[in-house]
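This report describes one protein chain for a reader with a computational background. Please examine the sequence and the structure shown below before reading on.

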Amino acid sequence: MKESFWGSMILMLGVTSIVFIYFFQNITNTDQQNYTLLRETTEAAMYDAIDQAEYAKTGNISIDGEKFAEIFVRRFAENASLSNTYVIDIYDISEYPPKVSLRVRSKQTSTVANEVVDFTIDNKIDAILETPY
């Protein structure tokens, strides 16, 4: 009787451990994917939003703020996961020198032991476009 109790306790502990590992791995992967997507999308949108006419006229590199916002949202939407809800906040766009500050907030829902748990994952980035002379 004592050995069967220990066996069932170890089995329950193992199942509980696997559930917790799966739960936290899912959240960690979502956070890492969001950050990588945010970083890569911001860099690509900044390069695409460079004002070519200003560069040809003065030689200064600047970006068009409206074009950056449009390109960023389009690129982010193309690559984002459809299972999450995203809120994109663009705080600051400085056209010269090219700098942007933004935050992406994703809401993820998970179920643990028949209980729905909501998480909000924030990723913030301040990016400055650096180009070699």
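## Conventions and confidence

Helices (H or I, at least four residues) and strands (E, at least two) are DSSP runs, numbered from the N terminus. The model is predicted: local features need pLDDT of at least 70 and side-chain atom pairs count only at pLDDT 80 or more, whereas totals for chains, interfaces and linings use all residues. Residues are numbered from 1 along each chain as its sequence is written, and side-chain values use heavy atoms, with hydrogens and water left out.

The predictor's confidence in each residue is expressed as pLDDT, on a scale from 0 to 100. The protein averages a pLDDT of 81, and 92% of the residues score at least 70. Confidence is lowest in α1, with a mean of 80, and highest in helix α3 (residues 65-79), with 87.

Ala 45 lies in helix α1, which spans residues 2-48. Burial is assigned by relative accessible area: buried means under 20%, exposed over 50%, and partly exposed in between (1.4 Å probe, protein chains only). Ala 45 is classed as buried because its relative accessible area is 0%. With neighbours within four places in sequence left aside, Ala 45 is in contact (heavy atoms within 4.5 Å) with Phe 68, Ile 71, Phe 72 and Arg 75. The C-alpha atoms of Ala 45 and Asp 122 are separated by 20 Å, and these residues are 77 residues apart along the chain.

Thr 42 also belongs to helix α1. Its relative accessible area is 1%, so Thr 42 counts as buried. Not counting residues up to four places away in sequence, Thr 42 touches Phe 68, Phe 72, Val 100, Leu 102, Ile 125 and Ala 127.

## Arg 103 in strand β2

Strand β2 covers residues 99-112 and contains Arg 103. Is Arg 103 buried or exposed? Arg 103 counts as buried, because its relative accessibility is 12%.

Two polar contacts involve the side chain of Arg 103: one of 2.7 Å to the side chain of Asp 89, and one of 3.1 Å to that of Tyr 91. A polar contact is a pair of N or O atoms within 3.5 Å; within protein, one must be able to donate a hydrogen and the other to accept it, and residues adjacent in sequence count only if both atoms are side-chain atoms. When neighbours within four places in sequence are left aside, the residues in contact with Arg 103 are Val 87, Ile 88, Asp 89, Tyr 91, Asp 122, Asn 123 and Lys 124.

## Salt bridges

Side chains of opposite charge can pair when their charged atoms come close. A salt bridge is defined as a side-chain nitrogen of Lys or Arg within 4 Å of a carboxyl oxygen of Asp or Glu. By this rule the count comes to six. One of them joins Asp 48 and Arg 75, with the closest N and O atoms 2.5 Å apart. This pair links distant parts of the chain, since Asp 48 is in helix α1 and Arg 75 in helix α3, 27 residues apart. Asp 48 is partly exposed, at a relative accessible area of 33%, and Arg 75 is partly exposed at 26%.

Another salt bridge connects Lys 99 with Asp 92, the closest N and O atoms being 3.0 Å apart. Lys 99 is partly exposed at 26% relative accessible area, and Asp 92 is partly exposed at 32%. Glu 40 and Arg 39 also form a salt bridge, with 3.3 Å between the closest N and O atoms. Glu 40 counts as partly exposed at 42% relative accessibility, while Arg 39 is partly exposed with a relative accessible area of 36%.

## Loop and exposed positions

The peptide bond from Tyr 96 to Pro 97 is cis, with omega near -10°. Pro 97 is placed in the loop between β1 (85-94) and β2.

Lys 57 lies in helix α2 (residues 52-58) and counts as exposed because its relative accessibility is 68%. The C-alpha atoms of Lys 57 and Ile 21, 36 residues apart along the chain, are separated by 57 Å. Met 9, in helix α1, is partly exposed with a relative accessible area of 37%.
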